[in-house]
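Please look over the sequence and the structure shown here before reading on. The briefing that follows goes through a few selected features, grouped by topic.

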Amino acid sequence: MKFFSLVLCRVPGRAGPHPDVLGVAHELSSFSIFQRGTVKEWSLFISKTLVENSSKGVRQSVNEKEGVCHVYVRGDGIGAVAITDLEYPARSAFVCIMELVNSSGKHALDLDEMLRRYQDPAAGDKVQAVMKQVDDTKLIMHKNIDTVLQNHQSLDQLVDSTDQLSRQSKLFYKKAKETNRCCSIM
């Protein structure tokens, strides 16, 4: 799961033709050095295009080749785009976008730090972290149930063996008693 780019934009009113980029962060270590410049330009272009053409107040995800572009534009024209790979959870991307958009006017933002923090979806999104813990617990519980079922099968086999041994010992006792009757000395 990779989080490639995080872009913060402002859509101007009727005065400006294109959105203004307020901040950008990239994590492109998975691309070759020769591709990184092109990927940066592409991410800025697609981010501006998505912010410009998105409805305000609506979360959208757009699949683009081997990645997904998640976009949200607030009612006042502040928007953000998160570009991730196909495996990255959309919920975590939108949590990052909402945090970025909601704190954009309040204080200086460190987009690089935010991008680093959200590289691990569970680290940035508390619900995602809880979901991961639940999934881990479910795996452990499935293993425990399998172990209990195996133990139950072993107990059933042991009970069957015990019943069979009990029947054989009763039969042996009867045969021994019959044998002892005919051979007893008086």
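This is a predicted model: local features need pLDDT of at least 70, side-chain atom pairs count only at pLDDT 80 or more; totals for chains, interfaces and linings use all residues.

**A briefing on selected features**

The side chain of His-70 reaches the side chain of Ser-61 in a polar contact of 2.8 Å.

**His-70 and its surroundings**

- His-70 belongs to strand S4, which covers residues 67–73, and because its relative accessibility is 2%, below the 20% limit, His-70 counts as buried.
- Besides the polar contact with Ser-61, there is a polar contact of 3.3 Å between the side chains of His-70 and Thr-84.
- When neighbours within four places in sequence are left aside, the residues in contact with His-70 include Gln-60 and Ser-61, as well as Ala-80, Val-81, Ala-82 and Thr-84, and also Ala-90, Ala-93, Phe-94 and Ile-97.

**Aromatic pairs**

- The structure holds two aromatic pairs, and in the pair formed by Phe-3 and Tyr-88 the ring centres are 5.3 Å apart, with the planes at 75°, so this pair is edge-to-face.
- This pair links distant parts of the chain, since Phe-3 is in strand S1 while Tyr-88 is in the loop between S5 and helix H2 (90–102), 85 residues apart.
- Phe-3 and Tyr-88 are both buried.
- In the pair formed by Phe-4 and Phe-31, the ring centres are 5.3 Å apart and the planes stand at 55°, so the pair is tilted.
- Because Phe-4 lies in strand S1 and Phe-31 in the loop between strand S2 (20–26) and H1, the pair ties together parts that are 27 residues apart in sequence.
- Phe-4 has a relative accessible area of 12% and is therefore buried, whereas Phe-31, at 23% relative accessibility, counts as partly exposed.

**The largest pocket**

- The largest pocket has a volume of about 400 Å³, and 15 residues line this pocket, of which Phe-31, Val-39, Trp-42, Lys-65 and Glu-66 are the closest to its centre.
- At least two residues of the lining come from each of strand S1 (3–10), helix H1 (33–53) and strand S5 (78–85), and H1 supplies the largest share, with four residues.
- By residue type, the lining of the largest pocket is made up of six nonpolar, five polar and four charged residues.

How values were computed:
Residues are numbered from 1 along each chain as its sequence is written. Side-chain values use heavy atoms; hydrogens and water are left out. On a 1 Å grid over the protein atoms alone, a cavity is a set of points where a 1.4 Å probe fits but cannot get out, and a pocket is an open set with protein on both sides within 12 Å along at least five of seven lines; lining residues have an atom within 4 Å of a point. Grid points are joined across faces, edges and corners, and a volume is the space filled by probe spheres set on the points. Ala, Val, Leu, Ile, Met, Phe, Trp, Tyr, Cys and Pro count as nonpolar, Asp, Glu, Lys and Arg as charged, and the others, Gly among them, as polar. Buried means under 20% relative accessible area, exposed over 50%, partly exposed in between (1.4 Å probe, protein chains only). A polar contact is a pair of N or O atoms within 3.5 Å; within protein, one must be able to donate a hydrogen and the other to accept it, and residues adjacent in sequence count only if both atoms are side-chain atoms. Contact means heavy atoms within 4.5 Å. Rings of Phe, Tyr and Trp (its six-membered ring) pair if their centres lie within 6.5 Å; planes under 30 degrees apart count as stacked, over 60 as edge-to-face and the rest as tilted.
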